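Thanks for coming, everyone. Let me put the structure up, and then we go through it piece by piece.

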Amino acid sequence: MSAYLHTVIDGNKNFGGYLSVDGAKSFAINDDMTYELTPGHHALMVYSAPDFQRKSGKLQATLYTHTSSNGAVLDTLEAQSAIRNMGEGWEINIMVDDRQMVELNILSQGSKIVGDPMYGVSDLSEKEVKELEERFDAWRNTPIRSKKKMIWGAILAFLGIYGTTGMLQQSPVEIGGLLGMLGLAVAGVLLFVFGFRKKIRRQ
């Protein structure tokens, strides 16, 4: 059982804001992209700014509220910066059944979303359902590398090698610490290698 979400950007095709589904981390909205949903109720949040920028804006706003004034001009600039970083947000609550498609339409101009995002829900034909199922089955079964494992592997390997180098420069050499750093380096290399290998990871 599957439902789908299709995004359409009018205006500036290269900017459609950012979408969060059911409170998950937001991702950039691209034009003419289709995503798989579970049938049922979903809370969609469309943002004009990415997560890290909005978090920065919220932190600025908190500091602005809880610190003393820096003068009218600086206060105004700080407030404007916080508001700009937080951007705008639109919440859309939808109910989608099996074999239905939600079409989310964004109108943008430059790097701004113009007006409220619009959406509609429609039934899919048997042909459309079959094509989408085949597309997502192929996507799920395509072997890919694990960027997360590769990044953590590289970090651990670097720390292990750096620590090993430092241990070897000590006199006398602390065997326990040296073995620990070597183990960390080896674990990092192995994690990187396992992440680099292409495997089916989307099941």
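How many aromatic pairs does the count come to? Five aromatic pairs, with ring centres within 6.5 Å as the rule. Keep in mind that this is a predicted model.

Take one of those pairs, phenylalanine 15 with tyrosine 18. The ring centres are 6.3 Å apart and the planes stand at 75°, so this pair is edge-to-face. The cut-off for that label is over 60 degrees. Both phenylalanine 15 and tyrosine 18 are buried.

Now phenylalanine 27 and tyrosine 35. Here the centres lie 5.2 Å apart with the planes at 50°, so the pair counts as tilted.

The charged end of arginine 54 sits over the ring of tyrosine 47, at 3.5 Å from the ring centre. Then there is arginine 145. That residue lies over the face of phenylalanine 196, 4.1 Å from the centre of the ring.

Next, the sheet. Which order do the four strands take? The order is S3-S2-S5-S6, the sheet is open, and the pairing is antiparallel. S3, residues 27–28, and S6 stand at the edges. Each has a single partner strand, so one side of each is left without a neighbour in the sheet.

Let's walk across it. S2 and S3 are joined by two bridges and run antiparallel. Tyrosine 18 stands opposite alanine 28 in S3. That is the tyrosine 18 from the edge-to-face pair.

Move on to S2 and S5. S2 covers residues 18–21, and four bridges join it to S5, again antiparallel. Serine 20 has methionine 45 of S5 as its bridge partner.

Then S5 and S6. S6 spans residues 89–96, and eight bridges link it to S5 in the antiparallel sense. Glycine 40 is bridged to valine 96 in S6.

How many of the eight residues of S5 are buried? Six of them, so to speak, leave S5, residues 40–47, mostly covered.

On to helix H3, residues 126–140. H3 has 15 residues and reaches 21 Å from first C-alpha to last. That is close to the 21 Å expected at 1.5 Å a residue. Val129, Leu132, Phe136 and Arg140 are buried in H3. Why do these residues sit on the same side of H3? Because they cover an arc of only 70° around the axis.

What does the other face carry? Turned away from the buried side of H3 are the exposed residues Lys127 and Lys130. And what do the buried residues pack against? Three strands: S1 (3–11), S4 (33–37) and S7 (100–109).

That brings me to my last stop, histidine 6, which lies in strand S1. Its relative accessible area is 15%, and the cut-off is under 20%, so histidine 6 is buried. Which residues does histidine 6 touch, leaving out those up to four places away in sequence? Asp32, Met33, Thr34, Met101, Val102, Glu103 and Leu104.

To recap the helix: the buried residues of H3 pack against S1, S4 and S7, while Lys127 and Lys130 are exposed on the face turned away. That's my tour.

Notes
Residues numbered from 1 in each chain as written. Predicted model: local features only at pLDDT ≥ 70, side-chain atom pairs only at ≥ 80, totals over all residues. Heavy atoms only, no water. Expected span 1.5 Å × (residues − 1). Buried < 20%, exposed > 50% of the residue type's maximum accessible area, 1.4 Å probe, protein only. Arc of directions from axis to C-beta. Contact = heavy atoms within 4.5 Å. Phe/Tyr/Trp six-rings, centres within 6.5 Å; stacked < 30°, edge-to-face > 60°. Lys NZ or Arg CZ within 6 Å of the ring centre and 35° of its normal. Pairing = 2+ DSSP bridges.
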